[in-house]
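Dear colleague,

I am handing over the structure below, together with notes on what was found in it. Please read the notes with the model open beside you.

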Amino acid sequence: MNAEKTYEEKLAEFESRVARGEKVEPGDWMPEDYRKTLIRMIGQHAHSEIVGQLPEGKWIPFAPGFRRKLTLIAKVQDEAGHGQLLYRAAETLGKSREEMLEELLAGKAKYANVFNYPTPTWADVGVIGWLVDTAAVVNQTMLSQTSYGPYARAMKRICYEESFHIKQGYDAVAVLAKGTPEQRAMAQDAINRWWYPTLMMSGPPDTLSTHSQQSLKWRIKTKTNEQVRQEYVDLIAPQIRALGLSVPDNDCHVDEKTKHWHYTQPDWDELKRVVNGDGPCNKERLGVRKQVHEDGRWVREALAARQRRKEAVA
Amino acid sequence: MSNTLALQSLLLAMADDELMLGHRDGEWTGYAPILEEDIAFSNVAQDELGHSLVWYTLHQHLTGKDPDAMAFERAWNEFTCCRFVTYPKGDFAYAVVRQYLFDEAEQVRLNAFADSTYLPIKEASVKILREEAYHLMHSQGLVERLGDATEESHRRMQTAVDAAFPQALGMFEKLDGEDELIAAGIFPGNRDLQAEWLKRVVPVLNGATLAVPVKDPNGSCVIHASPDLGGRKKNHNERLKQLVDDLQAVYRIAPGAKW
Amino acid sequence: MSDTQWDAYEVFHQKKKGDPHIHVGAVHAPDPQMALQMARDQFARRLQCVSLWVVNSRHITETDYQDERFFAQWIDKSYRDPKAFGAPEKEEP
């Protein structure tokens, strides 16, 4: 029985299983660091989805035309859905959704930095759907291979839906790029503002990240941050240029030898500042999330109380 | 057909109602009390907007006017929605009560259209009714649960009903040309629809321990509330102007352009 | 009263009649009827679906991955395997 094996034996067995590409399920023995890392990662991912509803959701009342309005509501709805799937995956590791939400609202949990930036124009909505979600899908496709079963399953479903979001976003921006001078300028301005934040999404270069080595070994992630970033640029730069828009990086060009796009690294000091709460919208968005949570408390309590009463009588 | 103008006003009233309510419902995406309800309410918002598109499209068959143009280019004082659907989203109790009262009105209206002599309305109604069954299950389920769950929920729900009930009566304000439509068998008229609607909502609200300003002496309903009328006559105020300004803000940046 | 995200209900989804119900995840809900609605909005808004089951997660009883003995088989039960027997012979025409 497992209880008779030493910690080292159990760890060795775990690591060789994972190296063989086998999955880890909620009831499996796992090193405490593996559990903690996953709770942190999945939790952050979930928080990103629900904070991420706000920069785009803000534009639902203003969406131009039936199709855009319907599509945007559906997209932001999907983000709630993704948050829901991810919180559940984290719950399988022993942390409740209540706890995770409390941490987020107390400012104790992190979420994707990209959602700390403002969305001042309609074009931002399309650019987020196109650029942010492309970067997210590149990362998430990699995560679909993650060793933890519930996370891998959630990622597959999420990737499927994100692929629509990319198309919807691209479509909204393409129309602007081919539209009036005003619409075109709106699109270019949004791209200028979102280029570097989306480059930062896959995380700092792995030499700077403490978590990366362990995560690779345990197949929590299967590619380095830089590999993912390169994939993203290779995908998105030609798409931007095909619309007659430009990448706000004079050094962004194809390397003739490697066939990959060369790009300027984002400012990683800025990332640190923004991640630690000093971004343009951190306080505002967490504030909104907190208010929403408070406003809804009476509903959650009421429906729970009613069910408890019914069960007590039954 | 001599009924055409009357028919247009019927279709437009319904389209405008669904547009405004869908717009208000959409304000809950990202703001609902719990994730699962966020997903649920977003579904309702999409459906309402989808339904408004159906009615604007039938209106287009009679007038040639494009649905996007009707919704996103018309002046605020040209809309014929009832005032009920223009009020801000409020707290969750108001949202649930408003949705419930509107869903019941749709039920009675769409069921009546099943016998309409105007085929496009009859066909559209059959399709929409199928989707509406789920809406009603959702909103009625919440009304019944929140009505008496806790002291606080009861208090909020009662406040919501007190506000929403007179507003809801505005859904049944008489339309221009309504008598012709009744005579032609296109729909039974708002007075009948309201009577049907009362028969449904009063027992449900009362069953949820919520008081309604309706008495039933000798079998005929007497309403002790001032209905919030005027919407069908385009008698709106700053509130709708603000809503329409928001709705059309981006569209107006490049009118006539593709978005 | 303490704040709550409600109980979790496991969701099983049947694509079309004749298919088995497949586990697709869980929703948080205040009661079983609302769990069905929430499951529909979360797991069937794009997928074709004709039936949903929801079960409060606390009613699921599960085996323990760490007790391998539950599924271990040592005695030869090849008599249960169709390959252990020959197929019927057929008369030559």
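In chain C, among contacts between residues at least 6 apart in sequence, 45% join residues at least 24 apart, where two residues are in contact if their C-beta atoms, placed from the backbone, lie within 7 Å. Please bear in mind that this is a predicted model, in which local features need pLDDT of at least 70 and side-chain atom pairs count only at pLDDT 80 or more, while totals for chains, interfaces and linings use all residues. Residues are numbered from 1 along each chain as its sequence is written, and chains are lettered from A and ligands numbered from 1 in the order in which they are written.

Chain C has a radius of gyration of 22 Å, whereas a compact globule of 93 residues would have one near 12 Å; the radius is taken over C-alpha atoms, and the globule rule is 2.2 Å times the number of residues to the power 0.38. The C-alpha trace of chain C spans about 75 × 40 × 15 Å along its principal axes. Of the 93 residues in chain C, 27% are buried, a residue being buried if 20 or more other C-beta atoms lie within 10 Å of its own, exposed if 12 or fewer, and partly exposed in between, with C-beta atoms placed from the backbone.

Chain C contains 1 helix and 3 strands, which follow the order β-β-α-β from the N terminus; helices (H or I, at least four residues) and strands (E, at least two) are DSSP runs, numbered from the N terminus. The 3 strands form an open antiparallel sheet in the order β2-β1-β3, two strands being paired if DSSP finds at least two bridges between them. Because β2 (22-29) and β3 (51-56) of chain C each have a single partner strand, they stand at the edges, and one side of each is left without a neighbour in the sheet. Strand β1 (residues 7-14) of chain C is joined to β2(C) by 7 bridges, and the two run antiparallel, with C:Phe12 standing opposite C:His23 in β2(C).

Turning to the interfaces, 18 residues of chain A are in contact with 15 residues of chain C. On the side of chain A that touches chain C, α3 (66-91), α4 (97-105) and α12 (297-313) each supply at least two residues, and the largest share, 7 residues, comes from α12(A). That side divides into 5 nonpolar, 5 polar and 8 charged residues, where Ala, Val, Leu, Ile, Met, Phe, Trp, Tyr, Cys and Pro count as nonpolar, Asp, Glu, Lys and Arg as charged, and the others, Gly among them, as polar. The contact between chains A and B takes 38 residues from chain A and 42 residues from chain B. Here the largest share of the side of chain A that touches chain B, 12 residues, comes from α3(A), and by class this side has 20 nonpolar, 11 polar and 7 charged residues.

Within chain B, B:Asp115 lies in the loop between α4 and α5. B:Asp115 counts as exposed because it has 12 C-beta neighbours inside 10 Å. The C-alpha atoms of B:Asp115 and B:Pro188 are separated by 9.3 Å, although the two residues are 73 residues apart along the chain.

With best wishes
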